[in-house]
Amino acid sequence: STLLEIIRDMYESEALKPVMPYDPNALLGQRFADALKDGRPEAVRELACKWSISPDLTDAEIESRVEQAIWTSTLVLAGTGKPGRKPRLDFFLMHLLTSALFLPTLTRAIRKVEDKARVLRAYASTFMLIMLIRGRPRIDAELLMSYEAAPLPPSLKVKGAKEEKSTNPWLPLVHSALHAPESHVSKSIRALYYAAQRYGETEPGKMVGAFDENGKEVLKGAGKLDGTIFVRAAGILMDALGWVGHGEAEGNWDRSALGWGDAWKNTD
């Protein structure tokens with residue numbers, strides 16, 4: 001199984017349903033305590049073991065799993081909003097992306113293949129646990145692909161200006177991230193920029209794990225995903241957290257645990 005298939009299986013798992021009812025005031029420690037009850041740890045471990053990780057992985061297989069982690073963490077961060085609603089980026093889901101950035105370095109530095117496999121399996125388990133404490137948010141691939149593929153700060157969006165179309169979107173993205181008061185903004189843009197450099201030319205349908213062994217989309221819209229998801233995610237991130245390098249006010253990470261439907265009630 002690919003990591004995206006495992007996330008799909010997590011969505012379908014009765015054992016891995018979010019703890020109900022939704023408590024908007026629950027502290028992080030309480031959410032962890034709740035998530036570790038009623039057989040959920042065993043279900044998480046069982047799914048993590050499906051990530052086709054064995055002690056005899058080849059370098060190419062390890063690289064494929066690292067790539068899956070980067071794509072899937074981007075989807076979970078930037079593709080779990082609601083159509084027609086203001087985009088929200090969860091502070092804890094964000095760490096799945098920023099930590100995935102270190103997998104290429106770690107898997108190259110670790111000598112024993114079995115230890116590399118152990119790190120990857122631990123990442124998969126942590127991935128699902130974090131999703132649980134955020135209410136098991138659903139990936140909407142089509143929503144992420146609907147975001148701007150060449151994001152620009154409002155100050156550069158001059159209607160009809162020819163230079164708008166020719167501007168490299170990463171220049172204002174990186175510039176603004178460097179001036180962001182909150183350090184996780186620059187960390188996230190760094191991870192997305194790395195991903196764009198490695199996988200940004202990926203064509204629709206070529207993402208590792210987009211289709212299952214029967215040729216069916218693992219998640220609705222997965223076959224349309226391409227390498228632009230990283231710059232699209234970066235644009236939404238700056239829209240939510242503020243293009244402070246271009247005069248906008250600083251925004252905030254979402255901490256509502258947006259996987260629960262009730263977290264979206266009475267909001268924009």
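**Chatting through a predicted model**

Biologist: Let's start with F211: what is its relative accessible area?

Modeller: F211 has a relative accessible area of 35%, so it is partly exposed. Buried means under 20% relative accessible area, exposed means over 50%, and partly exposed is in between, using a 1.4 Å probe and protein chains only.

Biologist: Before we go on, what should I know about the model?

Modeller: This is a predicted model, where local features need pLDDT of at least 70 and side-chain atom pairs count only at pLDDT 80 or more, while totals for chains, interfaces and linings use all residues. Residues are numbered from 1 along each chain as its sequence is written, and side-chain values use heavy atoms, with hydrogens and water left out.

Biologist: Thanks! Where is F211 found?

Modeller: F211 sits in the loop between α11 and α12 (229-241). Helices (H or I, at least four residues) and strands (E, at least two) are DSSP runs, numbered from the N terminus.

Biologist: Which residues is F211 in contact with?

Modeller: Setting aside neighbours within four places in sequence, F211 contacts G205, K216, E217, V218 and G223. Contact means heavy atoms within 4.5 Å.

Biologist: Switching topic: is S73 buried or exposed?

Modeller: S73 counts as buried, at 0% relative accessibility. It belongs to helix α4 (residues 59-78). Not counting residues up to four places away in sequence, S73 touches L96, L97, A100, Y123 and F127.

Biologist: And I133, buried or exposed?

Modeller: I133 is buried, with a relative accessible area of 1%. You'll find I133 in helix α7 (residues 113-133). Apart from neighbours within four places in sequence, I133 meets L28, R31, F32, A35, A257 and W260.

Biologist: OK, at what angle do α10 and α11 cross?

Modeller: The axes of α10 (residues 170-178) and α11 (residues 183-199) cross at roughly 155° and come within 9 Å. Axes here are lines fitted to C-alpha atoms, for helices over the stretch in contact, and angles run from 0 to 180 degrees between N-to-C directions. The two helices are therefore roughly antiparallel to each other. Angles under 35 degrees count as roughly parallel, over 145 as roughly antiparallel, 65 to 115 as roughly perpendicular and the rest as oblique.

Biologist: Which residues of α10 and α11 meet?

Modeller: From α10, W170, L173, V174 and A177 meet V185, S186, I189, L192, Y193 and A196 of α11. These contact residues divide into nine nonpolar, one polar and no charged. Ala, Val, Leu, Ile, Met, Phe, Trp, Tyr, Cys and Pro count as nonpolar, Asp, Glu, Lys and Arg as charged, and the others, Gly among them, as polar.

Biologist: Last topic, the rings! How many aromatic pairs does the structure hold?

Modeller: There are eight aromatic pairs. Rings of Phe, Tyr and Trp (its six-membered ring) pair if their centres lie within 6.5 Å; planes under 30 degrees apart count as stacked, over 60 as edge-to-face and the rest as tilted. W71 and Y199 form a tilted pair, 6.4 Å centre to centre with 45° between the planes. W71 lies in helix α4 and Y199 in helix α11, so this pair ties together parts 128 residues apart in sequence.

Biologist: Which aromatic cluster is W71 part of?

Modeller: W71, Y199 and F230 form one aromatic cluster.
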